Amino acid sequence: MIPQNVIDDIRQRADIVDILSDYLKLQPSGRNFKALSPFTQEKTPSFVVSPDKQIYKCFSTGKGGNVFSFIMEMEKVTFPEAVELVAKRSGVDISRYTAHDAAAGNEEESRTKTLRWAARLFHRTLMSEAGKTGLSYLTAQRGLSAETLTAFGLGYAPESWDHLLLEARRAGIAEEQLAELGLVTENRQKSSRYDTFRNRVIFPIFSVGGQVVGFGGRTLASDPDTPKYLNSPESRMFEKSKLLYGLHAAKQEIRRTETAFLVEGYMDVIALHQAGVTAAVASCGTSLTRYQAKILQRYTSSVLFIYDGDPAGKKSMMSGIDILLAEGVTPFVVMLPAGDDPDSFVRREGRDSFLHYTRENRLAFQDFQIRVFSDSGNFSHPDVKAKAIGVMTHTISLIPDRIRRELYLQELSGKLGVSPAALAELTKKQPVRKEFPAPHEEPSARTPALARRPPQQLSVLEKTFLKALLESTLYGNVVLEFAASHEAMLDLPHPAAREILAHMIRRYRESGGNPDERIDTATEISMFGSAESRDLASGLLIEQPVSSRWQEQPDADREHARRCLTAFLDAFRNIILEPLSHRKKTVTEALRREEDNDRALALQQEVKELNATIRKTTADLGAMITGIIESR
């Protein structure tokens with residue numbers, strides 16, 4: 001277990017804006033930052049990051065939290081693993097705690113750790129006697145250096161049916177987890193398992209944060225019936241359509257140069273990076289997807305396609321142009337000399353010649369489309385040319401920005417000799433593009449609309465109360481102390497509200513009940529038991545605070561902040577007094593109708609006790625509020 005004070009330290013050292021910038025294109029917006037949501041498809045930014053509070057809130061999906069919960073969401077890891085990743089990024093050494101976890105036998109419980117273990121095993125094997133075949137292929141045939149092998153974690157799976165399986169047994173890793181991750185394959189007829197990757201060089205595939213999420217393996221066998229490339233099976237962690245190979249190593253350079261080099265294969269990416277072209281990524285052996293284009297859009301507005309010039313490569317680039325434009329990214333195309341791919345070209349010519357060639361031979365997407373249609377004879381007859389022009393206007397119709405659409409239509413008009421009015425007419429006939437399902441969301445078909453229950457509404461009183469409770473920790477634990485001592489009297493109808501209250505009170509008690517000790521609310525968010533409570537708390541905290549830090553306020557604002565805090569803490573009083581007042585009203589009404597003397601006396605006694613409780617609670621709360629205000 002990582003101690004709470006260490007988790008607090010990691011969270012406080014982490015810069016949420018810096019870390020989330022690895023995943024999002026954040027833009028300043030007042031004191032906050034905004035971005036398009038990574039959780040859904042949207043055109044207007046609704047994702048807000050508060051650097052002051054170190055939290056985020058997505059107003060499109062309702063998701064929110066701190067840096068830990070964001071890493072958990074994006075990297076598909078557990079809370080301890082998210083803490084470990086943030087610690088590494090923030091320069092905090094927690095190896096003594098993670099090493100203890102591994103020694104305690106928890107290694108196999110984490111899919112991420114098992115994938116990391118497998119990657120290390122493949123790499124060790126490559127550098128051992130058993131891996132000389134793979135090492136020879138990568139170094140002698142493909143020209144990779146030892147530094148590159150290490151940087152990309154390349155490995156080798158020997159020609160054995162149980163090499164990984166036996167090593168996993170020695171390491172105490174469950175075979176069921178290996179099968180789930182696609183590292184071993186089950187033979188149901190023989191009730192046995194065997195290694196999935198055999199006699200293959202292994203390419204670990206990393207998430208944008210640098211976590212191993214799957215593997216690609218290139219066969220070294222000459223058997224034509226053996227697939228050349230084999231990938232990990234699709235899973236929650238490994239979704240090829242949502243991954244870009246090499247992005248973890250390329251993201252900073254893509255941001256710096258504002259251009260991504262998009263290539264087809266693993267070796268293309270690795271060869272370019274080794275040559276110093278470190279903005280190269282690949283679409284994991286598949287045609288470019290909308291998810292991948294959305295990821296690229298977070299880092300750059302310009303993508304340079306460098307695919308093979310064969311018919312399949314041209315077809316992939318034609319469809320990729322549409323996908324990128326629809327996401328607001330401008331595509332360009334470079335056609336390499338016949339017989340070349342980025343790997344072979346950069347190894348032969350070197351970095352400078354490669355970059356010079358891409359500058360001199362870069363085609364705008366319209367010029368590339370015209371060349372493809374012209375080379376294939378689609379401009380030789382008016383009828384087929386009209387169809388080709390229809391395809392090109394359809395491409396333009398996908399551009400979200402109206403001004404850009406108009407400008408590209410004008411440009412196309414000049415290149416084809418067709419009037420802008422005629423081209424504009426064609427774009428109006430294009431079918432409305434269907435949006436794809438949002439990432440990380442389950443298809444709605446699984447839950448019939450009639451079967452869905454509307455979420456319980458949070459009352460204004462509960463909302464104000466929770467905001468008071470969470471923000472009060474900025475000034476110490478006085479409010480939490482009172483909440484803990486009156487917990488039995490607090491009755492919050494909303495389940496997420498109850499969970500937040502219970503967690504904060506529990507944390508106060510675990511801290512030793514010291515009113516002066518500060519509980520870091522931004523850290524606590526990721527520890528709430530449910531996503532609903534995390535989302536609710538982050539949404540409350542991302543809103544404008546009722547009061548700011550006193551030392552940051554001039555005298556006039558300080559007085560206003562005191563009045564705000566007083567009103568703010570009144571909600572605390574009301575949330576406790578409301579049930580008592582409601583009970584008193586009910587008992588008083590029953591007393592008015594009661595005809596039995598004994599029962600009436602009992603009701604009178606209850607009213608008397610309720611009055612006493614209300615007076616005492618009101619006095620206690622008043623004293624607490626006065627104490628907080630006057631201490632500021």
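You'll find N199 in the loop between β8 (192–195) and β9 (200–206). What about its backbone? N199 has a positive phi of about 50 degrees, although it isn't a glycine. Most residues other than glycine have a negative phi.

Before I go on, please keep in mind that this is a predicted model.

E258 is not a glycine either, and its phi is positive, about 60 degrees. E258 sits in the loop between α11 and β12. Is E258 buried or exposed? It counts as exposed, because its relative accessibility is 55%, and the cut-off for exposed is over 50%.

Okay, let's zoom out. The protein chain has 632 residues, and 48% of them count as buried. It contains 27 helices and 16 strands. The chain exposes about 30300 Å², with carbon and sulfur atoms supplying 50% of that. And if you take the contacts with a separation of 6 or more, residues 24 or more positions apart account for 67% of them.

So what's inside? In soluble globular proteins, nonpolar side chains tend to be buried together. Here, the largest nonpolar core has 111 residues, and the ones touching the most other members are L20, F47, L154 and Y245. Take L154: leaving out residues up to four places away in sequence, L154 touches a list that includes H123, L126, I202, F203, P204, Y245 and I270. There's also a second, separate core of 42 residues, with I500, I505, I519 and L621 among them.

Now a helix to look at: α13, residues 290–297. How many of its residues are buried? Eight of eight, so the helix is mostly covered. That takes in R290, Q292, K294 and Q297, as well as Y291, A293, I295 and L296. What covers the buried residues of α13? The cover includes helices α11 (247–257) and α14 (311–326), along with strands β12 (260–263), β13 (280–282) and β14 (302–305).

D22 lies in the loop between α2 (16–20) and β1 (27–29). With a relative accessibility of 5%, D22 counts as buried. Who does D22 contact, leaving aside neighbours within four places in sequence? R89, V208, K251, Q252, R255 and Y299.

Last stop is a helix pair. Helix α22 (residues 478–485) packs against helix α23 (residues 495–510) at an angle of about 105 degrees, and their axes are 9 Å apart. That angle makes α22 roughly perpendicular to α23. Which residues meet there? From α22 we have L480, E481, A483 and A484, and from α23 we have M504, I505, Y508 and R509. By class, that contact has six nonpolar residues, two charged ones and no polar ones.

R507 is buried, with a relative accessible area of 9%. R507 and L480 are 27 residues apart in sequence, and their C-alpha atoms are 9.5 Å apart in space. Not counting residues up to four places away in sequence, R507 touches Q4, D8, I519 and E524.

Methods
Residues are numbered from 1 along each chain as its sequence is written. This is a predicted model: local features need pLDDT of at least 70, side-chain atom pairs count only at pLDDT 80 or more; totals for chains, interfaces and linings use all residues. Side-chain values use heavy atoms; hydrogens and water are left out. Helices (H or I, at least four residues) and strands (E, at least two) are DSSP runs, numbered from the N terminus. Buried means under 20% relative accessible area, exposed over 50%, partly exposed in between (1.4 Å probe, protein chains only). Contact means heavy atoms within 4.5 Å. Accessible areas come from the Shrake-Rupley method with a 1.4 Å probe; for residues, only the protein chains shown count as cover. Axes are lines fitted to C-alpha atoms, for helices over the stretch in contact, and angles run from 0 to 180 degrees between N-to-C directions. Angles under 35 degrees count as roughly parallel, over 145 as roughly antiparallel, 65 to 115 as roughly perpendicular and the rest as oblique. Ala, Val, Leu, Ile, Met, Phe, Trp, Tyr, Cys and Pro count as nonpolar, Asp, Glu, Lys and Arg as charged, and the others, Gly among them, as polar. A nonpolar core is a set of buried Ala, Val, Leu, Ile, Met, Phe, Trp, Tyr and Cys residues joined through side-chain atoms within 4.5 Å.
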